[in-house]
Amino acid sequence: MSGSDSVVIVGGGPAGLACGIELLRSDADREVTVLEREPSPGGIAGGFSRGGLDYDYGSHRIHPSVEGRVLAFLTGLPGLELRRKRRNGRILLGGRLVRFPPSPVDALVKLPPGLSMRILGDQIGGLFRSGSTSVAPGSFSEAVESGTGRTMAHAFYIPYTKKLWGLPADEISSFQAARRVSSARPGGLLTKVLGGLPLVSRFDPSRFFSYPAGGFGALAEALAREFRRLGGTLRTDSEVVSVSYEGASMKATTSDGFSRTAGRLVWSASLDALASSFTAAAPAEVLAAAGRLSYRSMVLLYVQIESGPYTRFDAHYFPDGSIRFSRMSEPRNYLCGPATDAGRGRTGLCLELPCDMGGDDWKAGPEVLYERLLEDLRGSPLPPPEAVGDIWVRRLTHAYPVYRMGFEQDLRTVSEWSLSDPRLVLTGRQGLFAHDNLHHAIETGLAAADCLAGPGFDTDSWRKRLEGFRLHRVSD
């Protein structure tokens with residue numbers, strides 16, 4: 001195997017590991033190395049065990065929209081068991097907890113009457129206004145107002161967006177709505193609600209999801225295990241700090257002094273890390289563009305409850321500012337189902353708090369954040385947790401890409417530069433600056449492997465794949 005055929009993959013998340021596995025399955029003699037900066041693989045789609053319970057880095061699912069090839073890839077991983085579960089979440093709207101995804105009964109009966117009637121009126125009116133304008137909305141707020149209606153936009157999407165991304169909705173590109181809000185079209189929310197009718201929802205695949213037995217940490221372990229079984233080299237605690245050109249190859253050097261030269265470099269880490277690593281290997285305008293592409297960070301507060309369950313629901317969404325956290329999940333319910341099936345016993349909560357890295361929330365310890373949670377819950381229908389044992393935090397530096405107005409030009413600059421160099425491939429959620437689901441990220445990794453499988457990189461095919469990735473729609 002020549003050095004020109006060897007591959008270094010930066011980032012050991014699902015996309016990077018999927019790419020490595022597929023490359024080795026197509027050519028067992030290829031030298032493939034994955035460099036991951038964290039102590040364990042999986043990225044933000046990983047997990048861990050503590051106190052006898054399995055936890056994820058936030059709330060994750062494998063959605064039914066998973067593409068056939070990706071589903072076959074996942075189900076073919078040795079030692080990985082996927083369980084099909086029915087969605088069982090709630091959202092706090094108008095001070096009331098409503099099922100999420102919504103059902104007609106909850107939407108009409110459990111919401112305050114005025115709110116539900118205004119939402120319904122907006123949806124019906126939107127059907128008649130459909131196609132009445134050819135002006136494309138420029139901001140997220142314009143897109144969701146024209147799609148979901150003003151009431152739902154201001155009751156849910158606009159405040160939730162401010163909480164997640166830390167920016168007013170009119171400073172965020174409408175591309176975020178196209179990618180993130182599946183119902184942001186006239187009548188789209190009404191269609192989603194009608195999908196909750198009992199006879200419809202029973203057969204509606206979007207009301208179900210798959211979840212790894214053992215949590216998402218088990219998925220990360222299965223990916224890493226298969227990659228190593230095929231002969232790949234996986235180095236954790238190995239952050240890439242510099243990339244340089246070595247003739248027709250590229251050399252990646254890590255913070256612990258390890259370096260590897262390869263004919264191809266697959267970058268599935270964040271683009272701001274690319275900007276700091278390629279200081280001598282990329283044009284100044286590319287580095288500046290990559291540096292302007294920013295990410296929203298997140299603190300995860302974990303609360304262990306000795307006698308659970310806390311509720312019988314798997315996830316709760318908090319769009320408005322009455323609760324500073326954006327979402328709460330109870331991983332035990334993902335694994336066991338409702339409380340009637342799971343029985344009683346120790347359980348845990350994971351609360352997601354989007355924030356700016358280095359800010360007050362980012363630096364706060366678990367006791368401070370737990371007190372803030374109790375303060376928030378006093379004004380909500382949710383009770384304070386009882387019989388609380390352990391509490392702790394984990395911090396995610398790159399939770400969401402921030403689609404500021406005008407980000408498209410900076411992303412295009414970085415993308416075109418990478419496409420001009422067949423030695424470099426940007427892929428994955430972080431490398432493509434994409435707010436994607438897990439199966440989307442894996443799809444990009446598999447596609448990158450396809451284009452790397454031959455003697456050279458298939459740039460034309462990769463360009464077409466990138467256009468397809470832009471059509472990805474995130475599922476809640």
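Q: How are α1 and α10 oriented to each other?
A: In this predicted model, helices α1 and α10 lie roughly parallel to each other. Their packing angle is about 30°, and angles under 35 degrees count as roughly parallel.

Q: Which residues make up these two helices, and how far apart are their axes?
A: Helix α1 covers residues 14–26 and helix α10 covers residues 216–229, with the axes 9 Å apart.

Q: Is the crossing of α1 and α10 left-handed or right-handed?
A: The crossing of the two helices is left-handed.

Q: Which residues in α1 meet α10?
A: On the α1 side they are Pro 14, Leu 17, Gly 20, Ile 21, Leu 24 and Arg 25. Their counterparts in α10 are Ala 220, Leu 223, Ala 224, Glu 226 and Phe 227.

Q: What is the make-up of that contact by class?
A: The contact of α1 with α10 has eight nonpolar residues, one polar residue and two charged residues.

Q: Turning to the sheet, in what order do the seven strands run?
A: The order is β7-β6-β15-β16-β17-β14-β18, in an open sheet with mixed pairing.

Q: Which strands stand at the edges?
A: The edge strands are β7 (96–100) and β18 (388–401). Each has a single partner strand, so one side of each is left without a neighbour in the sheet.

Q: By how much are neighbouring strands turned against each other?
A: On average the turn is 20°, direction ignored.

Q: How many bridges link β6 and β7, and in which sense do they pair?
A: Strand β6, residues 89–93, pairs with β7 over five bridges in the antiparallel sense.

Q: What is the bridge partner of Leu 92 in β7?
A: That partner is Leu 97.

Note on methods
Residues are numbered from 1 along each chain as its sequence is written. This is a predicted model: local features need pLDDT of at least 70, side-chain atom pairs count only at pLDDT 80 or more; totals for chains, interfaces and linings use all residues. Side-chain values use heavy atoms; hydrogens and water are left out. Axes are lines fitted to C-alpha atoms, for helices over the stretch in contact, and angles run from 0 to 180 degrees between N-to-C directions. Helices (H or I, at least four residues) and strands (E, at least two) are DSSP runs, numbered from the N terminus. Angles under 35 degrees count as roughly parallel, over 145 as roughly antiparallel, 65 to 115 as roughly perpendicular and the rest as oblique. A crossing is left-handed if the near helix is turned anticlockwise from the far one by less than a right angle, and right-handed if clockwise. Contact means heavy atoms within 4.5 Å. Ala, Val, Leu, Ile, Met, Phe, Trp, Tyr, Cys and Pro count as nonpolar, Asp, Glu, Lys and Arg as charged, and the others, Gly among them, as polar. Two strands pair if DSSP finds at least two bridges between them.
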